Amino acid sequence: MKASLAAGLTTTKRYPVDKAKTIDFMGEDLRVYATPSMARDIEYTCRNFLVEHLDAGEDSVGARIEVDHLGPTLLDMWVDVTAKIVEVDRRRVVFECEVKDALDMVGKARHIRFVVDTAKQKERLQAKRAKVKAGK
């Protein structure tokens, strides 16, 4: 991790709310930004921001996300996800996030990520694949 990784840093990323990011179970007239899409946008905002402060060979994995979806965002609007680093404890990084559309705050979240060494992560995953293949 780079020395630049510290609590207090913030970023904002804008996402379009297209048809793929909306619910469809209440019909076409009631399509709004889906909670799973909000969670994904929060996770990607935090991960991509964190990567800017990591060394070569490092990345991060999500460990926890708590999302409060506070209100609807209509199809064809956009949302801004603002992520703030509130805690760095060794490889554990905690974010607090707000999601706003053009009119309202529509979401709040707390997201925890862990910085990983990608080579070590690859070894762990290969070991798990081997166990699965062996039937264990």
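User: What share of the 136 residues of the protein chain counts as buried, and what makes a residue buried?

Analyst: The share is 34%. Buried means under 20% relative accessible area; exposed means over 50%, and partly exposed lies in between (1.4 Å probe, protein chains only). This is a predicted model, in which local features need pLDDT of at least 70, side-chain atom pairs count only at pLDDT 80 or more, and totals for chains, interfaces and linings use all residues. Residues are numbered from 1 along each chain as its sequence is written, and side-chain values use heavy atoms, with hydrogens and water left out.

User: Why is serine 4 called partly exposed?

Analyst: Its relative accessible area is 36%. That value falls between the 20% and 50% limits, so serine 4 is partly exposed. Serine 4 sits in the segment before E1. It touches Leu9 and His53, leaving aside residues up to four places away in sequence. Contact here means heavy atoms within 4.5 Å.

User: How do you know that the span of helix H1 agrees with its number of residues?

Analyst: The expected span is 1.5 Å times one less than the number of residues. Helix H1 (residues 35-51) has 17 residues, so it should span 24 Å. Its end C-alpha atoms are 24 Å apart, which agrees.

User: Which strands do the buried residues of H1 pack against?

Analyst: They pack against E1 (10-16), E2 (58-69), E3 (78-89), E4 (92-100) and E5 (105-117). Among the buried residues of H1 are Met38, Ile42, Cys46 and Leu50.

User: What makes the largest nonpolar core a core, and how many residues has it?

Analyst: A nonpolar core is a set of buried Ala, Val, Leu, Ile, Met, Phe, Trp, Tyr and Cys residues joined through side-chain atoms within 4.5 Å. The largest one has 21 residues. Those with the most contacts inside it include Ile42, Val79, Phe95 and Val99. H1, E3, E4 and E5 each supply at least two residues of this core. H1 gives the largest share, five residues. Valine 99 touches Met38, Ile42 and Val79, among others.

User: What makes arginine 14 count as lying over the face of tryptophan 78?

Analyst: A charge sits over a ring if NZ of Lys or CZ of Arg is within 6 Å of the ring centre and within 35 degrees of the ring normal. Arginine 14 lies over the face of tryptophan 78, at 3.5 Å from the ring centre. Lysine 13 lies over the face of tyrosine 15, at 5.7 Å.

Note on methods: Helices (H or I, at least four residues) and strands (E, at least two) are DSSP runs, numbered from the N terminus.
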